[in-house]
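Keep the structure open beside you while you read.

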Amino acid sequence: MEKEKVLTKMTEAGLVAVVRASSAEEAIRISDACLEGGCPSIELTFTVPGAHRVIEALANKYNKGEMLLGAGTVLDSETARQAILSGANFVVSPGFNLEAAKLCNRYRVPYMPGCMTITEVLTAMEAGADIVKIFPADLFGPTIIKDIRGPLPHAKMMPTGGVDVSNVDQWIKAGAVAVGAGSSLTKGAKTGDYAAITATAKEFIQKIKEARGQ
């Protein structure tokens, strides 16, 4: 899928599901549940055993572009390359890595590095990051989005860490183009309640739409 289409589809929904799991099967079931709930953007972290094979499996399953497959917890360009070859549509890092940014730019794959300061945000943007992940977002709160957008009104940011259905509207109203949600969205997997994940995803999507005035 073309880079622009990936970014458009991701920001339209406004929610990226951060999937961490103890097995490939669990990761796939969580991803399926999120998609059913209206969240097409899945960030499959490389802490999942055999993460690149899970990405391959989901890419084959949803080969018409129904699901946007992202690789998360990508620490270097080697992992980014492996993820892209496996079918990843976007790459997410907990911190900024210049070589990973260069590789993603080379193949026109969106790169979203984690940043904590305005200097890091600016560095990431200068390296071609399309969306900057504000991480860990719970250390700052929604006001950091407004603060950074003061001097950098064109910055596109996605908070991750501590975002849940009770505060997602605050992040969107502050100017976030999307949010990343992990355990607050996927915690149902711990008890095998995947229907709860679908229900929570729907609630997230509805809250985001309301915050946008849709």
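1. Start with the overall dimensions, bearing in mind that this is a predicted model. A compact globule of 214 residues would have a radius of gyration near 17 Å, and the protein comes in at 16 Å, so the two agree. Along its principal axes, the C-alpha trace spans about 45 × 35 × 30 Å.

2. Of the 214 residues, 52% count as buried. The protein exposes about 9,400 Å², and carbon and sulfur atoms supply 50% of that area. Among contacts between residues at least 6 apart in sequence, 58% join residues at least 24 apart.

3. Now the secondary structure: you'll find 10 helices and 8 strands. An open sheet of 8 strands runs in the order E7-E6-E5-E4-E3-E2-E1-E8, with parallel pairing. Its edges are strand E7 (157–159) and strand E8 (179–181), each of which pairs on one side only. From one strand to the next, the twist averages 25 degrees. As background, strands of a sheet pair through backbone hydrogen bonds, either parallel or antiparallel.

4. Have a look at E1, which covers residues 15–19. How many of its residues are buried? The count is 5 of 5, so to speak a mostly covered strand. Leu15, Ala17 and Val19 point one way from E1, while Val16 and Val18 point the other way, and all are buried.

5. E1 has a partner on either side in the strand order. With strand E2 (residues 41–45), E1 pairs in the parallel sense over 4 bridges. Within that pairing, Val18 stands opposite Glu43, and Val19 stands opposite Leu44. With E8, E1 again pairs in the parallel sense, over 3 bridges. There, the bridge partner of Val16 is Gly180 in E8.

6. Over in strand E4 (residues 90–93), pick out Ser93. Is Ser93 buried or exposed? Its relative accessibility is 0%, so Ser93 counts as buried. Leaving aside residues up to four places away in sequence, Ser93 touches Val74, Tyr111, Met112, Pro113, Gly114 and Lys133. Of these contacts, Tyr111, Met112, Pro113 and Gly114 fall within strand E5 (111–115), and Lys133 falls within strand E6 (132–134).

7. Some backbone details deserve a second look. Most residues other than glycine have a negative phi, and most peptide bonds are trans. Thr73 has a positive phi of about 55 degrees although it is not a glycine. You'll find Thr73 in the loop between E3 and H4. With a relative accessibility of 21%, Thr73 counts as partly exposed, because the buried class stops under 20%.

8. Arg108 is another non-glycine residue with a positive phi, again of about 55 degrees. Where is Arg108? Arg108 lies in the loop between helix H5 (98–106) and E5. The relative accessible area of Arg108 is 44%, so this residue is partly exposed.

9. Last, check the peptide bond from Phe135 to Pro136. That bond is cis, with omega near -10 degrees. Pro136 sits in the loop between E6 and helix H7 (143–149).

Terms used
Residues numbered from 1 in each chain as written. Predicted model: local features only at pLDDT ≥ 70, side-chain atom pairs only at ≥ 80, totals over all residues. Heavy atoms only, no water. Pairing = 2+ DSSP bridges. Helix = DSSP H or I, 4+ residues; strand = E, 2+ residues; numbered from the N terminus. Axes fitted to C-alpha atoms, helices over the stretch in contact; angles between N-to-C directions. Rg over C-alpha atoms; globule rule 2.2 N^0.38 Å. Buried < 20%, exposed > 50% of the residue type's maximum accessible area, 1.4 Å probe, protein only. Contact = heavy atoms within 4.5 Å. Areas by Shrake-Rupley, 256 points an atom, 1.4 Å probe, with all protein chains shown as cover.
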